[in-house]
Amino acid sequence: MPETVRAVDYFYVLVPDKPGEGARILGELKRAGVNLVAYSGGAQLDFVPTDPDAFRAVAKQNKWKVKGPKRAFVIEGDDRIGACSDVLQKLAAAKINVTAMDSVAAGFGRWGAILWVKPGAVKKAAAVLGAM
């Protein structure tokens with residue numbers, strides 16, 4: 001089965017590079033019942049919430065300096081050798097530079113990823129990937 005690619009809104013917050021920052025913010029989102037489609041974290045925490053308004057409300061209440069919304073792609077599909085390679089090859093053939101990609105085997109023969117490109121390349125990448 002081919003991958004499903006969705007263009008999504010994401011937000012990010014820059015945090016101090018110290019233990020517990022991600023846990024603190026994710027804990028606040030959990031307490032507020034904010035569901036995330038994707039999360040990637042380090043000193044920059046990237047969030048793809050199912051309800052952006054609920055995410056923004058929690059961020060405002062906690063006085064987080066949120067950037068976004070910006071666009072990214074969430075990719076899901078059947079796990080196979082070369083799944084990420086195939087996605088990146090399509091973008092490379094279209095001369096689209098990938099800013100970052102995080103992927104994981106999701107179990108039960110599935111895999112998923114979040115992929116970022118520069119804002120000026122979002123429409124072209126969406127067309128190349130067949131994003132919804």
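Predicted model: local features only at pLDDT ≥ 70, side-chain atom pairs only at ≥ 80, totals over all residues.
Me: Hi! Which residues of helix H4 are buried?
Reply: In H4, which covers residues 122-129, the buried ones are Val122, Ala125, Ala126 and Leu129.

Me: Why do they line one face of the helix?
Reply: Looking down the axis of H4, the buried residues fall within an arc of 105 degrees, so they line one face. In general, an α-helix has 3.6 residues a turn, so residues three or four places apart point the same way.

Me: And what does the face turned away from the buried side carry?
Reply: That face of H4 has the exposed residues Lys123 and Ala127.

Me: What do the buried residues of H4 pack against?
Reply: Their partners are strands S1 (4-14), S4 (66-78) and S6 (110-117), plus helix H3 (83-93).

Me: OK, cores now. How many residues are in the largest nonpolar one?
Reply: It has 17 residues, and Leu115 and Phe73 are among those with the most contacts inside it. S4, H3, S6 and H4 each give two or more residues to this core. There is also a second, separate core of twelve residues, including Phe47 and Phe55.

Me: Switching topic: is Asp46 buried or exposed?
Reply: Asp46, in strand S3 (residues 44-49), is buried yet has no salt bridge.

Me: Then which side chain does Asp46 have a polar contact with?
Reply: Gln44, at 2.8 Å, side chain to side chain. Beyond its neighbours within four places in sequence, Asp46 is also in contact with residues including Tyr10, Tyr39 and Trp116.

Key. Residues numbered from 1 in each chain as written. Heavy atoms only, no water. Buried < 20%, exposed > 50% of the residue type's maximum accessible area, 1.4 Å probe, protein only. Helix = DSSP H or I, 4+ residues; strand = E, 2+ residues; numbered from the N terminus. Arc of directions from axis to C-beta. Contact = heavy atoms within 4.5 Å. Core = buried A, V, L, I, M, F, W, Y, C linked by side-chain atoms within 4.5 Å. Lys, Arg positive; Asp, Glu negative; His and termini not counted. Salt bridge = Lys/Arg side-chain N within 4 Å of Asp/Glu carboxyl O. Polar contact = N/O pair within 3.5 Å; in protein donor to acceptor, adjacent residues only side chain to side chain.
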